[in-house]
Amino acid sequence: MDPKSALDLLSIDHLLSDEERDIRDTVRKVVDDKVRPYVADWYEKGDLPARELAREFGKLGLLGMHLEGYGCAGTSATAYGLACMELEAGDSGLRSLVSVQGSLAMFAIWKFGSEEQKQQWLPGMASGEFIGCFGLTEADYGSNPSGMITHAKRDGKDWVLNGSKMWITNGPIADVAVVWAQTEDGIRGFVVPTKTKGFQANIIHKKLSLRASITGELVFTDLRLPEDAVLPGVVGLKGPMSSLNEARFGILYGTVGAARDCLEVATDYALSRIQFDRPIAAFQLTQEKLANMALEVQKGFLLAMHLGRLKDEEKLHPDQISLGKLNNVRMALEVARMSRTILAANGVTLEYPIMRHANNLESVLTYEGTSEIHLLTIGRALTGIQAFK
Amino acid sequence: MADGQVIGNIRHIYVGVRQESLVKFLVCVKQVPDSWAEKKLGADARLDRAGVDAVLNDLDEYAIEEALRICENSGGNGEGGEHSITLLSMGPDRATEAIRKGLSMGADNAILISDEALSGSDALATSLVLAKAIEASGAHIVLCGTESTDARMSVVPAMLAERLGWPQLTFAGELKIDAAANKVTIKRMTDEGIEEMEASLPCVVSVIEKINEPRYPSFKGIMAAKKKTIETRSLADVGVSGDQVGSASSWSAVVDSALRPPRSAGIKVVDEGNGGNELVSFLADKKIV
């Protein structure tokens, strides 16, 4: 009997429409051609040709792909999820680039921006000409963003922004930053061209995770913005939180891709690695590992598909996104670690993607809502009691 | 002769200057088993297509891309565009999957000739059917890849030209169309140098992989492809009778086939001062030097 692919044991492909499959296959091909041959080097150097990639992704329609109008492709949410899955099978850093551009920066402008802001920024961001970042987290305010120190004060008609943001993906290369700040009315979002005087971005070095992704600190010093720089459509944390829900949705699909890649590599390796005169895939302990991993990857994919369909029907609740993100990142991390044991020493090198995925997933477990906060969100959904503040 | 020099210039006699600049492109495409997959022959000595992913023949993508680029540089295709690009394929009903990729890249519509009687047709029979459909289509130029990655015959473009009585410009590494002047020019790279050839419309052109880099279908293209028409025609629709095609009427037949022998272990040469001689005698044995 021919071995059945661990990657589609449940024939989940049958749940996809032709269009979704075509989009998925296209992203997979682009990742195979433009990412896989180079990503280990990017990772080792701790750099990413982000502009080049953004333009390539823009041509496809990947950036802000599930948004309507303004040069965006307007696909289903499920198709967006599947694209994230293929990107993250390449590297979580690539998916981060696209998540931050499309789901955080573009989504915030698309959802809460004025018509002028949308016209000014969205077409260029969709094509990859402009890169965006999203400033919410601060050094001392991660899970508790409502305490943020960054603030914007009125000075005549202008706004004057002071403060700093930390762990900002794409920050040092961005053309535009969506920055959330305290104002007299509550937390507001600002569209900040990064060329504005008073804007500074510092690259964060010495990361051991998401090395194929550019992360920075943003510093605002008496940064003066015109009256119309504020996002008119939202006041309060609801603004950044709804953007984060978009990005988390991408992650709950993306991490299935990272896990799938690990499993694929581990399966191939187990079949070709000979010990005691037989492939290690012939040993029961290896088969147990492969079977357990296949099981988890398939379940994670089904969970993602279910949430994708709910999102396309506009019935997806943030608590459900928490559940999906929590489960699939945890699952992917476990699969990466388990795969590493199959590859043994080879697993720790950049010759194989396993350790790179595992290290990336440590960040993914924390960013866009820590696993702890997602657990407590589920706890709150079950009990009605909020345990995290 | 040095590489890159023009060594030949073959001219056809022009039929006259065309009054219009509109060009109707017809690109021949084929669904093939994934070029990278292990291929197996069935009991009938024909390729087992069931167990392998079916894809658009890689080499046809270059022909589609070239048509798209020419259109984009001179008035566009599709709605509001000056030109049109139609894909033409012969194959089973599921060939629409491969055709859809071409439509996603930007072609306007497609014709699929699908008929039980076609099963087992060789290149000669295939060219008969395609030529009939081309005649009826009103196409000005037929673009093909150099070959399909499954059968690798490389003869269909020439056969089409012969059947249609049109000039053929094959193995083009560069293609220019001046529709108003009724002139098609190609450059063909050969071992001796570059041949430049001209023909009038209508004509058949086959393109090589060096001509361009095919685009990935964009998401907008993928979504738009759903609304494009794939017209399915039977043999009767194109005016060919069943006894002219199929394995029984084909001029070529598979007499025998054998599996590729398994790879044998290579020869290890340990260099003990005589490595150079060993390598040369190895190459000489294989008649490589």
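Let's start with contacts in chain A. Take pairs of residues at least 6 apart in sequence, with contact meaning heavy atoms within 4.5 Å. Of those contacts, 76% join residues at least 24 apart.

Ground rules, briefly. This is a predicted model, where local features need pLDDT of at least 70, side-chain atom pairs count only at pLDDT 80 or more, and totals for chains, interfaces and linings use all residues. Residues are numbered from 1 along each chain as its sequence is written, chains are lettered from A and ligands numbered from 1 in the order written, and side-chain values use heavy atoms, with hydrogens and water left out.

Now the overall build of chain A. It has eleven helices and nine strands. Helices here are DSSP runs of H or I, at least four residues; strands are runs of E, at least two; both are numbered from the N terminus. The radius of gyration is 21 Å, close to the 21 Å from the globule rule for 389 residues, so chain A is as compact as a globular protein of that length. That radius is taken over C-alpha atoms, and the rule is 2.2 Å times the number of residues to the power 0.38. Along the principal axes, the C-alpha atoms of chain A fill a box of roughly 80 × 45 × 40 Å.

Burial next. In chain A, 55% of the 389 residues count as buried. Buried is under 20% relative accessible area, exposed is over 50%, and partly exposed is in between, with a 1.4 Å probe and protein chains only.

Over to chain B. Is helix α2, residues 96-105, mostly covered or mostly open? Mostly covered: seven of its ten residues are buried. Among them are I99(B), R100(B) and L103(B). After α2(B) comes G106(B), with a positive phi near 140°.

Last stop, G51(B). This glycine sits in the loop between β3 (31-33) and β4 (54-56) of chain B. G51(B) is exposed, at 67% relative accessible area. Its C-alpha atom is 31 Å from that of K210(B), 159 residues away along the chain.
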